[in-house]
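Q: I would like to learn how the features of a two-chain model are read, beginning with a single residue and ending with the interface. Could you take me through them in turn?

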Amino acid sequence: MQSQKITINDKCLNFNPGQTILEVAEENNIWIPTLCYLKGATPTGSCRICVVEVEGRRTLSPACSTPAEPDMVIHTESPKVVASRRDILELLLASGNHNCPLGSGREKDWKAAQNDDSTELCPACGDCRLQDLAVYYQVTGEKYVRSKEPEPHPPMETVNPFIVRDFSRCILCGRCVQACNEVQVNRAISFGYRGTESKIVAGIDVPLRDSDCVFCGECVQACPVGALVEKNARYQWRPWETEVIRTTCPYCGVGCQLNLHVKDRRILKVTGVEDGAPNKGRLCVKGRFGFDFIYSEDRLKTPLIKENGGYREASWLEALELVADRFKEIIDRGGPDAIAGVSCARSINEDSYQMQKLFRSVFKTNNIDHCART
Amino acid sequence: MTNSFAEFARAKMFLVIGSNMAEAHPVAATFVKNAVLNGAKLIVIDPRKHRLVDFADRHLQLKVGSDIALLNAIMHVLIQEDLYDKAFATGCCTDFEKLKEKVLEYPPERSADICGIDPNTIREVARELAAVKPAMLCYTLGITEHTCGKNNVMTTANLQMLLGNMGVACGGVNPLRGQNNVQGACDMGALPNVYHGYQKVDDPEIRKKFEKAWGVTGLPEKPGLMIPQMMDGLANGRVKGFYIFGENLANTEPDMDKVAHELDSAEFIVCQDIFPTETTRFADVILPAAAWSENDGTFTNSERRVSRVRTASPAPGEAKPNWWIFKEIAKRFGHDWPANSAREIWDNEISGLAKNFNGIKYSRIEADGLQWPCPSEDHPGTCVLHSSGEFTCGLGRFSPADWSPPAEIPDEAYPLVLSTGRRLYHYHTRTQTGRCEGLNDLLGEETADISFADAERLGVEHGEAVTVRSRRGAVTVKANVTSEVPEGMVWMAFHFNEGCANRLTNAAFDPETLTAEYKACAVTIEKIDQAAAG
């Protein structure tokens with residue numbers, strides 16, 4: 001297909017028919033804010049934060065769901081666009097329990113929000129796209145006052161080991177629904193009820209545990225606010241305090257790429273590496289939540305030698321000497337093939353290489369295998 | 001895998017056989033489901049109605065261990081109705097005539113008696129497979145864990161070659177590997193017959209190359225023992241010293257009582273692990289190892305992608321990296337190995353000594369990993385194997401096989417078939433996941449999954465404790481009455497030491513690969529009161 005031209009912020013750009021305005025902008029490093037847009041899923045255009053001004057059109061158009069057309073002239077930060085985004089942000093901040101310093105502007109004194117006995121401070125403060133946009137567009141949250149103040153917040157769902165659902169902080173962007181239905185295709189959650197009663201529901205509005213949820217946590221990774229948070233990372237994890245270390249998942253053979261969020265050399269949470277091969281940001285329950293075994297008290301911490309039916313602690317020096325001496329003695333008596341070894345399909349390549357090298361070049365036997373076929 | 005995960009989402013058709021992908025490889029399954037939502041066809045062949053079946057156009061619920069009969073019948077139809085890829089099957093492959101001769105012995109009517117699938121369904125599936133090109137074939141341990149495992153694998157390859165689905169994107173034969181680095185452990189030569197990069201130990205030229213690289217002489221010529229032979233060796237005294245690195249053999253091998261006897265017979269056992277396991281209690285020396293997030297290194301996934309593993313936290317106490325431990329033992333035999341980090345081992349030894357890895361260096365895999373073969377440092381890696389239509393040994397060779405039944409089939413005393421596998425919330429013998437609080441919360445015990453029909457016949461309620469008994473042993477677990485399992489089948493995992501299915505499984509092996517038949521043995525289910533009385 002032949003590429004065509006549009007103009008964004010006075011820049012003339014090529015696009016391929018079928019691309020949305022947002023896709024063309026992203027390709028050319030032009031930033032357009034998004035909230036509900038989830039890459040790879042069907043654009044819904046529901047939050048309207050990505051609206052842009054298209055010359056000749058009476059209304060603003062959502063960039064995520066408007067196809068680029070030849071000779072369009074687009075402004076992504078015109079006064080009209082900015083005013084609209086500010087208004088949307090005011091409405092979103094007033095729509096729920098957004099009690100960070102920004103969302104509680106309507107209280108005049110943000111500290112008052114902390115004294116609201118119905119709630120905690122938002123756990124996503126500092127990791128919230130709504131907050132980021134409020135800062136960017138200098139929105140205080142004072143413009144709209146909610147009809148009932150203070151309202152009783154719907155209760156949080158905490159009855160599963162991994163995910164806390166706080167409906168009071170949900171902005172109904174629907175990213176979690178798309179993550180569940182279009183990305184992971186587990187079909188556990190959807191929009192429920194209507195109008196002001198709208199809510200994200202699992203099954204027929206039951207706790208996740210009682211639904212089809214398989215706790216992949218894709219919804220948590222997709223949530224732009226504080227509505228879905230990893231239970232064990234709540235209030236533990238502050239993005240500016242943690243180092244992000246990319247690694248490979250230790251479970252199945254897909255080899256998903258993980259970002260470990262590490263504070264004081266301790267993993268606090270795990271997310272998928274967006275766009276990384278092969279998993280493109282996706283994880284399963286084990287990859288996302290199954291990392292705490294490394295901190296188990298059961299870990300072997302020192303070499304152990306069997307003695308009198310039990311085990312006693314030993315130094316590396318003693319243990320290594322003993323292993324070498326016993327193997328030497330067995331090889332002297334029974335030949336190299338009296339030794340056999342099983343390597344580990346969980347450990348790194350370099351470990352398996354090193355073990356087969358030990359068996360072949362030092363012990364002089366090929367009796368080395370692992371659970372390759374099972 | 002001949003192909004790559006990135007192709008899944010854009011594939012047009014899948015044949016998934018013997019793979020409970022949605023539980024055992026959940027992220028891979030998401031890409032299959034994406035493709036289905038985009039219009040791809042999905043045919044699932046499996047005795048169980050597992051979660052992926054919800055997305056399938058067809059589910060062929062075959063009898064356990066009848067895969068070859070079914071696939072041969074599909075190929076029979078493809079040849080009889082002239083639906084196969086003639087150019088590929090005869091031009092790019094050899095022994096087509098042998099295949100033809102064999103599969104013609106499997107008309108759908110004959111195979112139907114063996115596999116339980118209606119002959120007309122078999123014909124329709126053959127036509128559907130021929131109508132969409134290419135199709136991706138994915139399999140997992142449902143294919144390999146049989147006494148005919150090797151023949152099963154060959155038969156899946158026969159089918160894909162006959163359909164001309166090899167060497168193209170969105171096609172191929174794609175075994176999803178079970179463990180994070182089982183591909184890597186094979187690639188690294190933790191196998192009795194090859195050095196890393198599948199270089200044969202019985203080739204004198206190759207031995208000479210490694211003798212030079214490693215600065216040694218007299219590398220052993222004869223391929224070594226596979227795990228089941230080692231276990232036999234322990235019992236008969238031929239193997240005296242046993243080094244077990246990170247495997248929980250006591251619970252993962254079939255027939256646990258037999259395994260315990262074998263481990264008990266060893267003169268000297270070293271276990272190197274991160275946790276005490278059911279296996280370490282047989283050890284004379286236990287060496288504490290650094291775990292996954294305490295190491296720098298690489299894993300290789302199912303699609304041959306070498307990706308980085310990085311250190312995030314310190315190892316507890318005195319635990320040490322495994323490569324260091326091996327190096328220290330070598331030192332005590334007078335061998336001084338130069339490499340002093342995983343990176344040095346890879347960059348200075350592994351990469352240079354095998355053509356497939358020549359182009360893979362740590363500096364190139366900082367972000368996404370590279371897929372071998374990657375013969376040079378400007379090579380982008382290989383997503384699709386055999387894409388020039390040429391196979392590893394020159395041409396693709398058809399290896400036709402006859403169906404053979406599992407080693408142990410149900411009879412009057414043990415009327416049900418037990419098949420084993422993995423569940424979503426746990427991994428293998430739970431040495432890791434069993435120590436993740438939340439995962440235990442979601443799945444805390446083993447069950448015996450049985451059909452409604454069998455439950456009714458036995459008078460067993462959902463959740464009632466039952467005894468599952470085979471000729472090897474018995475376990476007591478709760479019955480999970482489910483529509484996933486067909487009548488006549490019991491399905492269990494081997495995650496929990498209590499109620500571990502490997503107390504029941506049969507230590508019968510494929511004659512060549514020595515893979516155990518975890519997928520089929522005969523059992524009986526007894527209500528607890530009966531068991532007590534009996």
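A: Val466(B) counts as buried because it has 24 C-beta neighbours inside 10 Å; the cut-off for buried is 20 or more other C-beta atoms within 10 Å, with 12 or fewer for exposed, partly exposed in between, and C-beta atoms placed from the backbone. This is a predicted model, in which local features need pLDDT of at least 70 and side-chain atom pairs count only at pLDDT 80 or more, while totals for chains, interfaces and linings use all residues. Residues are numbered from 1 along each chain as its sequence is written, and chains are lettered from A and ligands numbered from 1 in the order in which they are written.

Q: Which residues does Val466(B) touch, not counting residues up to four places away in sequence?

A: Two residues are in contact if their C-beta atoms, placed from the backbone, lie within 7 Å. On that basis Val466(B) touches Ala448(B), Val460(B), Val477(B), Ala479(B), Ile525(B), Glu526(B), Lys527(B) and Ile528(B). Lys527(B) is 61 residues away along the chain, yet its C-alpha atom is separated from that of Val466(B) by 4.9 Å.

Q: In which strand is Val466(B) found, and with what sense does that strand pair with β23(B)?

A: Strands of a sheet pair through backbone hydrogen bonds, either parallel or antiparallel. Strands (E, at least two residues) and helices (H or I, at least four) are DSSP runs, numbered from the N terminus, and two strands pair if DSSP finds at least two bridges between them. Val466(B) lies in strand β18 (residues 465–469) of chain B. β18(B) pairs with strand β23 (residues 521–527) of chain B in the antiparallel sense, over 4 bridges, and Arg469(B) stands opposite Thr524(B).

Q: What is the strand order of the open sheet in chain A?

A: The order of its 5 strands is β2-β1-β5-β3-β4 (chain A), again with mixed pairing. The edge strands, each pairing on one side only, are β2 (11–15) and β4 (61–62) of chain A. Strand β1 (residues 4–8) of chain A runs antiparallel to β2(A) over 5 bridges, with Ile6(A) opposite Leu13(A).

Q: At roughly what angle do the axes of α3(B) and α9(B) cross?

A: Axes are lines fitted to C-alpha atoms, for helices over the stretch in contact, and angles run from 0 to 180 degrees between N-to-C directions. The axes of helix α3 (residues 67–80) and helix α9 (residues 149–162) of chain B come within 10 Å and cross at roughly 20 degrees. That makes α3(B) roughly parallel to α9(B), since angles under 35 degrees count as roughly parallel, over 145 as roughly antiparallel, 65 to 115 as roughly perpendicular and the rest as oblique.

Q: How is α3(B) oriented to α7(B)?

A: The axes of α3(B) and helix α7 (residues 119–131) of chain B come within 9 Å and cross at roughly 65 degrees. The two helices are therefore roughly perpendicular to each other. Residues of α3(B) that meet α7(B) include Leu70(B), Ala73(B) and Val77(B).

Q: How many residues does each chain give to the contact between the chains?

A: Chain A gives 98 residues and chain B gives 125. On the side of chain A, the largest share, 13 residues, comes from helix α9 (residues 349–363) of chain A.
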